[in-house]
Each structure stands twice: as C-alpha cells, then as structure tokens.
Amino acid sequence: MIIIGITGPTGCGKTTLLCEIARRGGFCIDCDALYYSMLRTNEALRADLCGAFGNVFLPDGSLNRRALGSIVFQNEEKLQLLDSIIFRHIGLEVERIICHEQYVGTKILAIDAIKLIECGLSRFCDATVAVLSPEEQRVQRIMERDQIPEEYARSRVRAQQPESFFRENCTYSIENTGSFSEFEENAKLFINKLIKELQP
C-alpha cells in the first residue's frame, strides 16, 4: 500500500489533491474529522484530557472548548501537554486505520493533517506533499469558505507554520496559485506522476 501524507496551511487547497486520490480508489484519513470524532467516542483520549486539565467536557459529552482554551492558550507548557496527548492518540488511531486498510487490500491511502509533521504522522508515509498558496489567496478562500471577516481570516493564516517550514519538511510541494480548474488539472497530473514514482 502506498501512503501519502498531505499537509500545508489552511486555505491552500488540500481537498482538491485528496479528491484526486479518492478518484483513484484511495482511502483518505481526515485527521481533523478523526480528532473531533474521537473527542466523543475515544474514552482513553477523554480520560487523558480530564486527567491533565480537569473535567473539560460538557454535560452532553462534547468538549468545552472555551474551558480548555482558557487553560492552554495562556500557558505554553500546558499547550504542549495538550498537543502531546492529542498527537499520541491520533497516531494510535491512524496506525489502527492503516493496518485495517492494508488488511482489506487498499492500494493507496492518504493522511490529511495540517500538523502532519509536528505530530509525527509523516513516519507512516512513503511521501509527504505540501500544498502551498500565496497568503492573499488563502485569506480570500478562508473568508469565502468559512464566512468569516478578513481580520479573523488573517489571524488564522498567520498563526500557522510559515511556507518555509512545509518546504523544508515535506518530500514534495505543489503550488495553488491560479483558478480552481487550473489547480484541479495540476493536481491530477501531480498525483498521476507521484503514484507512478511510488509504485514498486
């Protein structure tokens, strides 16, 4: 099985690349969606969060983001502890999914994670790909996608790793600088070439 890690800052167009992998029958792990699902269903993760930060869950079982945020965002040590807990549990679950997909005969698997490098998921990958785009285009895409004001979109963009981080830590990078249709075509060509390179 070929495993491809997809990463890059928000608003760059990672979904387009993932769609190309899915069209070829690939299985895609969305680590954001996986994390939010695990917050409700993974008792080990929930127990570790409560052990580290107190009861940070609401009566309905959902995460009390405001309470957790008030603990970690003013304390770098606690933020690092939170990341280490999340990264460990996500890594275990991704590994479990990979084993299952290998068992059922999946040929291509993609891991979509904005913190693919930081959380160590790149260790599972045959190649890692950073999807990159100019800041102004990213801001506009995020504003349209999430229906948020420009100032908030810019703060989200600037809170993430710089482009240089992804270039230095990924095997490949692909630029999304034009229209959606142009990038869709470029993504198709890129994935075709990458799969051919990675196939034994």
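Me: Which residues lie nearest the centre of the largest pocket?
Reply: A pocket is an open set of points on a 1 Å grid over the protein atoms alone, where a 1.4 Å probe fits, with protein on both sides within 12 Å along at least five of seven lines, and lining residues have an atom within 4 Å of a point. Here 48 residues line the largest pocket, and Asp-32, Tyr-36, Ile-114, Lys-115 and Gln-160 lie nearest its centre. This is a predicted model, in which local features need pLDDT of at least 70 and side-chain atom pairs pLDDT 80 or more, while totals for chains, interfaces and linings use all residues. Residues are numbered from 1 along each chain, and side-chain values use heavy atoms, without hydrogens and water.

Me: Which helix gives the most to that lining?
Reply: Helices are DSSP runs (H or I, at least four residues) numbered from the N terminus. H5 gives the most to the lining, with six residues, and H5 spans 76-104.

Me: How do I read the way H3 and H5 cross?
Reply: Two packed helices are described by the angle between their axes and the distance between the axes. The axes, lines fitted to C-alpha atoms over the stretch in contact, with angles from 0 to 180 degrees between N-to-C directions, come within 10 Å for H3 (residues 43-53) and H5, and cross at roughly 165 degrees. H3 and H5 are therefore roughly antiparallel, a term for angles over 145 degrees. In their contact (heavy atoms within 4.5 Å), H3 contributes residues including Leu-45 and Phe-53, and H5 residues including Leu-81 and Arg-88.

Conventions: Helix = DSSP H or I, 4+ residues; strand = E, 2+ residues; numbered from the N terminus. Parallel < 35°, antiparallel > 145°, perpendicular 65-115°, else oblique.
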